[in-house]
Amino acid sequence: MPGFRQELVGLFGQPVDENPTQAMIEAGFAAAGLDWRYLTIEVAPERLGDAVRGARAMGLRGFNCTIPHKVAVGEHLDRLGRSAALMGAVNCVVRRGDELVGENTDGAGFLEAVRRRRDPAGARVVLLGAGGAARAIAVELALAGAASLTIVNRGAARGRELGTLLAGMESPPEVSVEELGAGFRVPAGADLVVNATSIGLYPDVESLVPLSLEDVAGRALVADVIPNPPETRFLAVAAELGCETLDGLEMLVEQGRIGFELWTGVEPDVEAMRDALRRAFGVR
Ligand code: NDP
């Protein structure tokens with residue numbers, strides 16, 4: 001039976017049908033022999049400050065933040081890590097001593113998954129999307145020394161906003177902004193192509209990002225942030241063209257691994273976490 005010393009981590013968000021992250025993190029706790037719990041907690045936007053004070057009072061080791069709290073949570077924390085400050089968004093809060101520190105592991109998880117395949121330093125990147133996930137990925141790629149970033153977004157204003165953020169960084173990559181529309185061809189020089197839009201997310205699994213990969217066939221690493229289903233049509237097209245692929249489930253596992261280490265100081269059993277996540281998504 002758990003006693004009062006059981007350690008807690010939370011997820012502050014709005015009601016959702018499924019919460020695969022809980023399954024993944026708790027599988028990690030079990031595999032590491034830790035008597036910890038990961039709680040999903042519904043927090044209304046107007047009670048976010050109260051919820052963070054509650055987390056302090058109850059001694060939570062930390063918590064994840066999901067939509068709609070990623071930006072608003074910052075003002076309730078003691079400080080932000082480097083990438084969270086640059087992105088202006090926090091998805092992972094860590095208790096360090098008496099302080100609550102806001103980090104962003106969305107982009108860091110992506111970068112770790114990329115690093116296992118290619119060195120992002122010097123890479124020429126085409127990034128589709130300019131929302132929260134794209135922002136996180138773009139900032140981490142820029143910090144990792146990507147040579148160029150072409151932001152391709154449906155909404156021109158949001159694309160430009162991300163372009164301006166990147167161009168204002170210390171030692172920025174070469175930045176350009178394009179509008180996503182039928183007929184966009186990924187240029188031949190691109191090393192890494194990333195779908196960071198929500199196109200292809202369940203249940204919209206038949207949707208396909210409207211662009212051509214023909215000119216990078218057999219050469220570029222093609223990544224998709226969509227974790228469910230991990231086999232998106234976009235990745236299927238890339239694989240047919242002989243491109244190496246990286247799926248969104250892997251990014252989510254890496255993100256979970258980083259959060260787990262930040263909270264517990266323990267390196268998790270990544271296989272156990274990946275298996276739990278695949279089961280939660282109903283993927284074999
Ligand atoms: P946002 O709502 O912030 O951004 C959505 C992005 O997708 C925008 O760039 C939007 O363009 C674009 N978009 C949406 N629908 C279309 C469409 N039909 N055609 C063209 N562009 C479209 O969402 P997030 O950035 O937070 O999340 C995006 C995806 O990333 C989600 O599917 C989420 O599941 C996934 N994700 C995965 C993670 C992982 O670890 N694997 C972590 C975080 C997110 P516009 O600006 O024009 O509206």
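Entry 1, helix 1. I looked up what covers the buried residues of helix 1, and the cover includes strand 1 (7–13), strand 2 (36–42), strand 3 (62–65), helix 8 (248–264) and helix 9 (270–281). Helices (H or I, at least four residues) and strands (E, at least two) are DSSP runs, numbered from the N terminus. Contact means heavy atoms within 4.5 Å. The buried residues of helix 1 are Pro20, Thr21, Met24, Ile25, Ala27, Gly28 and Phe29. Buried means under 20% relative accessible area, exposed over 50%, and partly exposed in between, with a 1.4 Å probe and protein chains only.

Basis. This is a predicted model, where local features need pLDDT of at least 70 and side-chain atom pairs count only at pLDDT 80 or more, while totals for chains, interfaces and linings use all residues. Residues are numbered from 1 along each chain as its sequence is written, and side-chain values use heavy atoms, with hydrogens and water left out.

I checked the span of helix 1 (residues 20–31): at 1.5 Å a residue its twelve residues should span 16 Å, and the end C-alpha atoms are 17 Å apart, which agrees. The expected span is 1.5 Å times one less than the number of residues. Just after helix 1, I noted a positive phi of about 70° at Gly33.

I found Asn64 in strand 3. Asn64 is buried, at a relative accessible area of 8%. Its side chain reaches the backbone oxygen of Asn91 at 2.9 Å. A polar contact is a pair of N or O atoms within 3.5 Å; within protein, one must be able to donate a hydrogen and the other to accept it, and residues adjacent in sequence count only if both atoms are side-chain atoms. Leaving aside neighbours within four places in sequence, the contacts of Asn64 include Thr21, Tyr38, Asn91 and Trp263.

Which residues come nearest to the ligand? Of the 23 around it, they are Ala133, Asn153, Arg154, Gly155 and Val225; a residue counts if one of its heavy atoms lies within 4 Å. A polar side-chain atom of Arg158 lies 3.0 Å from a ligand oxygen atom. A backbone N or O atom of Gly132 lies 3.0 Å from an oxygen atom of the ligand, and one of Val225 lies 2.9 Å from a ligand nitrogen atom. Helix 8 gives the most to the shell around the ligand, with four residues.
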